[in-house]
Amino acid sequence: MIPLNPLGRFLRPGLLFALSVFLTGCNSAILNPKGQIGHDEKTLLITATVLMLLVVVPVIIMTLTFAWKYRATNTKARYEPKWSHSTAIEVVVWSIPCMIVLVLAVLTWRSSHALDPYRPLDSDKKPVVIEAISLDWKWLFIYPEENIATVNEITFPVDTPLNFKITSDTVMNAFFIPHLGSMIYSMTAMETKLHLIANETGEFPGMSSHYSGAGFSKMHFSAHSVTEAEYQQWLTKVRGESATLDKTAFAALTAEKNHDWHPVTYFGTTETGLFDWVIAKHMGDNQHYGMKHDHKAMKHDGAEGESHAGHAMPAGESHDGHAMAEGEADAHAEHTADEHAAAGHTGHGGSGE
């Protein structure tokens, strides 16, 4: 057995190192916000932690106190082997946690609505609209009102609301600028929204906060909060680029499956409606759980006599404009049933569609 004194000398440096590691998190982006949403979330986090510590800290102190007071070597401690109940203790251990849970419930309810990512921010300034599209593995940003686009970089004026419209052209991803606040998902065929604001100028890192593939760790970008004059200078710089972001350029950009960080790229002009086009192209009638089905027989309008999974078609009846013999109709019904079992009916999206 290791003596206690040498063991304490051995553990003390390790405990100090662990404490220093924990304290380095005090300067993290979440605890050092640069925007109003981030400040509100920090306040909520600290308030909830303090309320929970009102139970945790006394329990830890009482546990250590009771263990020390009623140790076997303390013969002065009162010994009551038949003790089993105390109304006063029961009232304390139940009433205090219940009140804390009630306060947390009200606080969480109110803050969940106040910090809703879809809720626009109140401001006298006109918001900057940014359309963000997650690709493999980079971020494409379109400024529809400015008719420009960038890759892996955004710039915006300080103290101005940012209205993000977010989607994905590939896999599900997560958009997050820790210094400014909330994280939200990007998904194909869907548009999510996020409203942020920066209270200070500076460069803030943005990232893909969830795993989405082999190159996701390099899927980060820079968010620059600048003055209004600097923002206008940046717009002029980007508009000076000759590259145009249209469907052809977009296809070339998506075809590049970079596993390393993609360099910042500027597009001086953009094709109108590109963001909506990206969403719409994943919403075809033949989309089921991300798979395409080209079998024409799956298209049905419910007309009487048409073939449907599990329902035989009379001999000679036509389906989807093609005449069928009796044997062909039976084979078609069996094949269609297998298709429907695997993919669901056309026009009825599965979960997540």
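Which helix holds M99? In this predicted model, M99 is found in helix α3, which covers residues 87–114. M99 also belongs to a nonpolar patch on the surface.

One is formed by six strands, in the order β8-β5-β1-β2-β3-β12. Its pairing is mixed. Strands β8 (192–196) and β12 (265–267) stand at the edges. Each has a single partner strand, so one side of each is left without a neighbour in the sheet. From one strand to the next, the twist averages 20°.

Within this sheet, strand β1 spans residues 128–135 and strand β2 spans residues 138–143. The two pair in the antiparallel sense, over five bridges. E131 has I142, in β2, as its bridge partner. A helix covers part of the sheet: α5 (residues 247–255) lies across β1, β2, β3 (148–151) and β12. Helix α5 runs at about 50° to β1.

The other sheet is formed by five strands, in the order β4-β10-β9-β6-β7. This sheet is also open, and its pairing is mixed. Here β4 and β7 (183–186) stand at the edges. Each of these strands has a single partner, so one side of each lacks a neighbour in the sheet. Neighbouring strands are turned by 25° against each other on average, direction ignored.

Strand β4 (residues 153–157) runs parallel to β10, and five bridges join the two. I154 stands opposite A223 in β10. T155 has H224, in β10, as its bridge partner. Strand β9 (residues 202–208) runs antiparallel to β10, and six bridges join them. P205 has S222, in β10, as its bridge partner. In a regular strand, side chains alternate between the two faces of the sheet. Helix α4 (residues 228–239) lies across β4 and β10, running at about 140° to β4.

Aromatic rings were also examined. A search of the whole structure finds 13 aromatic pairs. One of them is formed by W139 and F221. Their ring centres are 6.1 Å apart and their planes stand at 70°, so the pair is edge-to-face. The pair links distant parts of the chain, with W139 in strand β2 and F221 in strand β10 (residues 220–226). The two residues are 82 residues apart.

How values were computed. Residues numbered from 1 in each chain as written. Predicted model: local features only at pLDDT ≥ 70, side-chain atom pairs only at ≥ 80, totals over all residues. Heavy atoms only, no water. Patch = residues over 30% accessible without salt bridge, like charges linked within 9 Å, V, L, I, M, F, W, Y side chains within 5 Å. Areas by Shrake-Rupley, 256 points an atom, 1.4 Å probe, with all protein chains shown as cover. Salt bridge = Lys/Arg side-chain N within 4 Å of Asp/Glu carboxyl O. Helix = DSSP H or I, 4+ residues; strand = E, 2+ residues; numbered from the N terminus. Pairing = 2+ DSSP bridges. Axes fitted to C-alpha atoms, helices over the stretch in contact; angles between N-to-C directions. Contact = heavy atoms within 4.5 Å. Phe/Tyr/Trp six-rings, centres within 6.5 Å; stacked < 30°, edge-to-face > 60°.
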